[in-house]
Amino acid sequence: MTEQVEAAVTGPVKAKGLRGWLSALGPGLITGAADDDPSGIGTYSQAGAQLGYGIGWTMLLSFPLMAAIQEISGRVGRVTGRGIAGNVCRHYPPALLNLIVTLLFIANTINIAADLAAMADASKLLVGGPAFAYVVLFGVISVVAQIFFDYQRYVAVLKWLTLSLFAYVAALAVTRVAWSEALHGALVPRLEWSGDYWTTIVAILGTTISPYLFFWQASQEAEDERVDPDKSPLIRSPADAVAEFQRIRADTIIGMGFSTLIALSIIIVAAATLHATGKTDIETSAQAAEALRPIAGAFAEMIFALGIVGTGLLAIPVLAGAAAYAVGEGRRWKVGLARKPKEAAAFYAVLSLSAAIGVALNFTPISPISALYWSAVINGVLAVPVMVMLMIMVRRHDVMQRFVIKGLLYWLGWLSTAVMALSVIGMVVGLLL
């Protein structure tokens, strides 16, 4: 990292130690960590168990693509002072806004339900007790924290929760891995023309390049600007643009790199322990944790399960918050986690509703196992139209003014969109054959 970029991230006075490093990072780190939610952990575990080391290449492919699209999303929020939905409602037909926001709300709510189910299973695995009680407990904690915590304290808690993801690196350290096969799987793409294979690809990309993360990072950049009296949207303070863009890029690359490291660790652990012993029917992250015990020991099982709970507590607020930001900005309500509940009652009502429906879905005949996997597939399919709209929007001068996205970042954004579209097409074709 160059001195200039480092200065942009850490500010004029560098804080020391882990606390200072975490405080210097922002929406990019939280976005990257939330990317590895329990739904994602279940998807990566399933992919590693079913396909072995040979699916690892998807992580290295997705890293520059997810970093590009998340940086673009962050720039939208910082330049305009609004999230994605806030810009769509001002520059696009209401029908398009309503369609995207509705689909995002549905996808996020299903994802919340799947994450709560995985967290409950992991908690039951660790300490016992009824799963339904954990579903309610975690749902309530997530909502109450967002509504009643001070914004700065809330963001700090989310940053510290990202450390729970290192549990999967620890699991990797105590697992016997065929590193030559793992390296080959990460560097050499292997394709199969089957519906199941391409559905797994869409699920992996959908849990890695997810629409809710676009909306969250853009809205958080806008929120951070709004609560800081020394900042204003870059269209009104263009002199700050260079430093802010460098900060967003460094923050995003670190966050997405962190996400990729964790995801690849999960795939390798699942491939080394489950696929290698013929256990290919693992469908949830909790099942993966439990299956590790006879192969990698109780320690690996414990840290895997603890990581599920920790990252779920991180991801559910992001999922519910992203839905609330999208709906609220689209309706031009007062939004923001820094606002008091009475100042943004409708915003917090949407946030609570999304979480409440997610809790309720766990008490229906809908299988949480299926929801865990298919929520990632839904995100993959939804990502395509959202990304197309985003890439067109960031070239509009009436939105971005002098800060329209161009150059390598712009083309990486379109490449990310094309890869997502081709994977969805491959899934549809494979299912029809």
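Helix 16 gives the nonpolar patch its largest share, 3 residues; helices are DSSP runs of H or I with at least four residues, numbered from the N terminus. The model is predicted, so local features need pLDDT of at least 70 and side-chain atom pairs count only at pLDDT 80 or more, while totals for chains, interfaces and linings use all residues. Residues are numbered from 1 along each chain as its sequence is written, and side-chain values use heavy atoms, without hydrogens and water.

The patch consists of Leu126, Val127, Val174, Phe299, Met302 and Leu306, which together have about 530 Å² of accessible area on the surface. Areas come from the Shrake-Rupley method with a 1.4 Å probe, and for residues only the protein chains shown count as cover. Patch members have over 30% relative accessible area and no salt bridge, and their nonpolar side chains are joined within 5 Å; a salt bridge is a side-chain nitrogen of Lys or Arg within 4 Å of a carboxyl oxygen of Asp or Glu. At least two patch residues come from each of helix 7 (94-127) and helix 16 (298-330).

| Residue | Helix | Relative accessible area |
|---|---|---|
| Phe299 | helix 16 | 45% |
| Asp121 | helix 7 | 33% |

The largest nonpolar core has 126 residues, and Ile55 and Ile84 have the most contacts inside it. Helix 16 supplies the largest share of this core, 15 residues. Such a core joins buried Ala, Val, Leu, Ile, Met, Phe, Trp, Tyr and Cys residues through side-chain atoms within 4.5 Å.

Key:
Patches are made of residues with over 30% relative accessible area and no salt bridge: like charges are joined within 9 Å, nonpolar side chains (Val, Leu, Ile, Met, Phe, Trp, Tyr) within 5 Å. Buried means under 20% relative accessible area, exposed over 50%, partly exposed in between (1.4 Å probe, protein chains only).
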